[in-house]
Amino acid sequence: MLSAFASALVLASVQDGCVDHSAYNFDLEGARLREVEIIRSEPAGRSESGSFPDGTVVTVSAAYCTDPVITMDVDAPLDAQNEMRLGQLLGRLDVIAGCTANDWAAQDASLAAATAAVEAGDAWNNDGAPIAGTGEGGEVTLDVRPVDGRLHATFVCSRAAG
């Protein structure tokens, strides 16, 4: 009896603080994405994908039971709109996940540096540092690179635990 009670306590502590993502929705339609589909839906995590009319494909994933992190992977056209697109995508991440910037100058400088790098054919990741300070919704890092004439980017919103 005591071991069953101890097992129940261990199970409860493991589940404490987790978000059951099988019942969660990133509301990608509300963020103006089309052709939204659920890629993965289970208690430990969820992934949804959608696209914008310009051919940008976005996949948003979360796994709160292991880390309070939301990842947004992007496959977009590589063109003259790169900096504007990255800024808009960062805004969509805020709408989807509540990841707000608190240093607009740092954000603008980061997006300009990322754009210059990909337009020169190079990858950029701000040495892993947040691109816009640490806001109330967490901090956002960006990894961006050109791949076969497309812009591949990964935004990661890391939230404070609790």
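Here is a short chat about the predicted model above.

Student: Before we dig in, what should I know about the numbering and the model?
Tutor: Residues count from 1 along each chain as its sequence is written, and side-chain values use heavy atoms, with hydrogens and water left out. Since you asked about the model, it is predicted: local features need pLDDT of at least 70, side-chain atom pairs count only at pLDDT 80 or more, and totals for chains, interfaces and linings use all residues.

Student: In what order do the elements of the protein chain run from the N terminus on?
Tutor: Helices (H or I, at least four residues) and strands (E, at least two) are DSSP runs, numbered from the N terminus. The protein chain has 3 helices and 7 strands. Their order is α-β-β-β-β-α-α-β-β-β.

Student: Is E35 buried or exposed?
Tutor: E35 is found in strand β1, and its phi is positive, about 50°, although E35 is not a glycine. Buried means under 20% relative accessible area, exposed over 50%, and partly exposed in between (1.4 Å probe, protein chains only). At 70% relative accessibility, E35 counts as exposed.

Student: Where is D148, which also has a positive phi although it is not a glycine?
Tutor: Most residues other than glycine have a negative phi. D148 has a positive phi of about 50°, and at 78% relative accessibility D148 counts as exposed. D148 lies in the loop between β6 and β7.

Student: Which residues is L93 in contact with, leaving aside its neighbours within four places in sequence?
Tutor: Contact means heavy atoms within 4.5 Å. L93 is among the residues with the most contacts inside the largest core. Its partners are I70, M72, G98, C99, V140, F155 and C157.

Student: How are α2 and α3 oriented to each other?
Tutor: Axes are lines fitted to C-alpha atoms, for helices over the stretch in contact, and angles run from 0 to 180 degrees between N-to-C directions. The axes of α2 and α3 come within 9 Å and cross at roughly 135°. Angles under 35 degrees count as roughly parallel, over 145 as roughly antiparallel, 65 to 115 as roughly perpendicular and the rest as oblique. So α2 and α3 are oblique.

Student: How far apart in space are D103 and T134, C-alpha to C-alpha?
Tutor: D103 is found in the loop between α2 and α3, and at 34% relative accessibility D103 counts as partly exposed. D103 touches A132 and G133, not counting residues up to four places away in sequence. D103 and T134 are 31 residues apart in sequence, and their C-alpha separation in space is 8.0 Å.

Conventions. Core = buried A, V, L, I, M, F, W, Y, C linked by side-chain atoms within 4.5 Å.
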